[in-house]
Structures are given as structure tokens and as C-alpha cells.
Amino acid sequence: PLRILVVDDSIAIRSLLRDFIESSGHQVVDEAENLDGAVKAYSQHKPDVVTLDLSLADGDGLSVLKALRKLDAKAKVIVISGNAQKKVLESVYAAGACGFMAKPIDFPNLLATIVRATLK
């Protein structure tokens with residue numbers, strides 16, 4: 001089973017993601033709602049994959065993505081966002097994301113994206 005860190009400022013979304021991931025046979029090692037929590041949880045657990053919401057209460061997920069990639073250049077981060085504009089996708093991939101999911105989340109596709117991320 002893969003070890004996954006879920007970063008989202010919405011407790012409801014974190015709960016949905018946790019339930020789906022764990023019912024798919026994987027493990028959510030921790031959840032975070034902001035930059036500091038995400039960096040702390042990543043450092044502590046060294047997850048296989050991170051799911052990251054692009055809009056967080058204390059800033060943008062892009063800052064979290066950059067911080068995680070600085071901490072670990074091999075960090076596998078999948079960005080989740082309601083904004084799938086070309087410039088957003090370009091900035092997310094330029095910052096080192098290994099996957100992108102548009103909201104509303106297509107859960108079967110999310111699982112495939114998570115598995116694919118570990119193969120990169």
C-alpha cells in the first residue's frame with residue numbers, strides 16, 4: 001500500500017480523500033491544512049505521494065509544492081484544483097508537480113494518478 005499525505009484546508013475534502021484512499025487499500029499517513037503543517041507532516045512521515053489543494057486558507061498550494069520540492073527534490077505531489085487554466089497547469093508542472101486533478105474530483109482517476117506518480 002502507498003503512504004499518502006493529504007493537504008487541503010477543507011476538513012470535509014480531507015475526510016473524503018482519506019475515506020477513498022483508505023478504502024482503496026492505501027494509507028493516509030497524515031493530513032495538513034497549510035504550508036507549515038504540510039512541511040512538518042512531510043518531514044515526519046516521508047510519504048510516497050502528496051495530494052495538494054491549490055487554494056489554501058493561508059496562501060496558495062504552489063508555495064507548499066515549492067517548499068516540499070525544496071525539502072525533497074523527489075517529492076511526488078499531485079495538485080488538485082478547481083482552476084485548470086493552461087497558465088495554472090504550466091505553473092504547477094514548472095514547480096515540480098507530477099500530476100494534476102481538476103475538481104470535482106474523479107476518484108477512480110485520482111487513484112490512477114496516485115499510482116502513476118509513484119512510477120515516475
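Trainee: Hi! In which sense do strand β6 and β7 pair, and over how many bridges?

Mentor: Good place to start. This is a predicted model, and in it β6, residues 77-81, pairs with β7 in the parallel sense over four bridges.

Trainee: And which residue in β7 is the bridge partner of V79?

Mentor: That would be F100.

Trainee: Okay, zooming out: what is the strand order in the open sheet?

Mentor: Five strands run in the order β2-β1-β3-β6-β7, with parallel pairing. β2 and β7, the latter covering 99-102, stand at the edges with a single partner strand each, so one side of each has no neighbour in the sheet.

Trainee: What does the twist average from one strand to the next?

Mentor: The average is 20°.

Trainee: Let's go to the other end of that order. How many bridges join β1 and β2?

Mentor: Five, again in the parallel sense, between residues 3-7 of β1 and residues 27-32 of β2. Between these two strands the chain passes through helix α1, residues 11-23, and this β-α-β crossover is right-handed.

Trainee: Thanks. Which strands does helix α3 lie across?

Mentor: Helix α3, residues 61-71, lies across β3 (49-53) and β6. Its direction is at about 155° to β3.

Trainee: New topic: aromatics. How many aromatic pairs turn up in the whole structure?

Mentor: The search finds one. The ring centres of F20 and F107 are 4.9 Å apart and the planes are at 50°, so the pair counts as tilted.

Trainee: Why would that pair be worth a look in terms of the chain?

Mentor: F20 sits in helix α1 and F107 in helix α5, residues 107-119, so the pair ties together parts 87 residues apart in sequence.

Trainee: Is F20 buried or exposed?

Mentor: F20 is buried, at 17% relative accessible area, which is under the 20% cut-off. F107 has a value of 22%, so this residue counts as partly exposed.

Trainee: Last one, S43. Where is it found?

Mentor: S43 is in helix α2, residues 35-45. With 32% relative accessibility, S43 is partly exposed.

Trainee: What lies 2.9 Å from a polar atom of its side chain?

Mentor: The backbone oxygen of V39.

Trainee: And how far is S43 from S55, going by C-alpha atoms?

Mentor: They are separated by 22 Å, with the two residues 12 apart along the chain.

Note on methods: Residues are numbered from 1 along each chain as its sequence is written. This is a predicted model: local features need pLDDT of at least 70, side-chain atom pairs count only at pLDDT 80 or more; totals for chains, interfaces and linings use all residues. Side-chain values use heavy atoms; hydrogens and water are left out. Two strands pair if DSSP finds at least two bridges between them. A crossover is right-handed if, with the strands pointing away from the viewer, the path from the first strand over the helix to the second runs clockwise. Axes are lines fitted to C-alpha atoms, for helices over the stretch in contact, and angles run from 0 to 180 degrees between N-to-C directions. Contact means heavy atoms within 4.5 Å. Rings of Phe, Tyr and Trp (its six-membered ring) pair if their centres lie within 6.5 Å; planes under 30 degrees apart count as stacked, over 60 as edge-to-face and the rest as tilted. Buried means under 20% relative accessible area, exposed over 50%, partly exposed in between (1.4 Å probe, protein chains only). A polar contact is a pair of N or O atoms within 3.5 Å; within protein, one must be able to donate a hydrogen and the other to accept it, and residues adjacent in sequence count only if both atoms are side-chain atoms.
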